[in-house]
Amino acid sequence: MRASRVVLALSLALGAWVAGPPGSWACDGVADHRLKERAPGAARGSRDLIAIGDFDGDGSADKAFFLEKTGALALVACLDGGTRLSTILDLGGIGALANYGIRTVPRGTRPASCARAQGPGCGAGKPTEIELGREAIEFIDYERSSFLLYWSGGAWTRIPRPE
């Protein structure tokens with residue numbers, strides 16, 4: 001009797017695992033391979049290499065990080081409680097990591113790219129602020145500028161930051 005209960009429990013567990021939602025293991029182990037350190041001697045070391053927040057609005061913490069994919073650098077995110085792996089940006093060779101970083105941007109009101117009414121496409125009637133209903137990712141190019149990455153409508157939207 002006891003053995004049959006164990007077999008039944010194992011069968012139910014295996015059935016639940018097989019019948020689980022598609023991609024339910026999409027991020028398993030991937031975050032373990034994230035880039036945790038820049039090349040030796042890099043000025044920024046391990047700063048700005050991971051962002052954690054509820055980027056997709058489902059109430060669970062998501063993680064964005066840099067990942068080496070076949071010799072190239074990508075910015076990826078684990079969404080939906082770790083069940084969906086989303087490639088946000090392909091960034092070229094792995095050496096580019098020295099120039100890039102990411103940070104979590106809290107929800108709330110932020111200046112828009114036309115906050116100073118300068119630049120192409122800015123002028124009367126253009127928004128000076130944007131409202132973030134959930135956390136976003138700030139992508140930083142240390143040699144140029146930064147922009148926000150915001151999950152909206154099932155895709156990443158790039159939002160320019162004011163200079």
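Q: What makes the strands β1, β2, β3 and β4 an open sheet, and in which order do they lie?
A: In this predicted model, the four strands form an open sheet in the order β1-β2-β3-β4, with antiparallel pairing. β1 (50-53) and β4 stand at the edges with a single partner strand each, so one side of each has no neighbour in the sheet. From one strand to the next, the twist averages 25 degrees.

Q: How do you know that β3 and β4 pair?
A: Two strands count as paired if DSSP finds at least two bridges between them. β3 and β4 have seven bridges, in the antiparallel sense. One example is Ala-74, whose bridge partner in β4 is Asp-90.

Q: Why is a group of residues called a nonpolar core, and which members of the largest one touch the most other members?
A: The name applies because the members are buried residues of nonpolar kinds, such as Leu, Phe and Trp, joined through side-chain atoms within 4.5 Å. The largest core has 23 residues, of which Phe-66, Leu-75, Phe-139, Leu-149 and Trp-156 touch the most other members. Elements that give two or more residues to this core include β2 (62-69), β5 (100-105) and β8 (136-141). The largest share, four residues, comes from β3.

Q: What does Phe-139 touch?
A: Contact means heavy atoms within 4.5 Å. Not counting residues up to four places away in sequence, the residues that Phe-139 touches include Phe-66, Leu-75, Leu-89, Ile-102 and Leu-149.

Q: Which residues does the second core include?
A: The second core is separate and has eight residues, among them Ala-112, Ile-130, Ala-136 and Tyr-150.

Terms used:
Residues are numbered from 1 along each chain as its sequence is written. This is a predicted model: local features need pLDDT of at least 70, side-chain atom pairs count only at pLDDT 80 or more; totals for chains, interfaces and linings use all residues. Side-chain values use heavy atoms; hydrogens and water are left out. Buried means under 20% relative accessible area, exposed over 50%, partly exposed in between (1.4 Å probe, protein chains only). Axes are lines fitted to C-alpha atoms, for helices over the stretch in contact, and angles run from 0 to 180 degrees between N-to-C directions.
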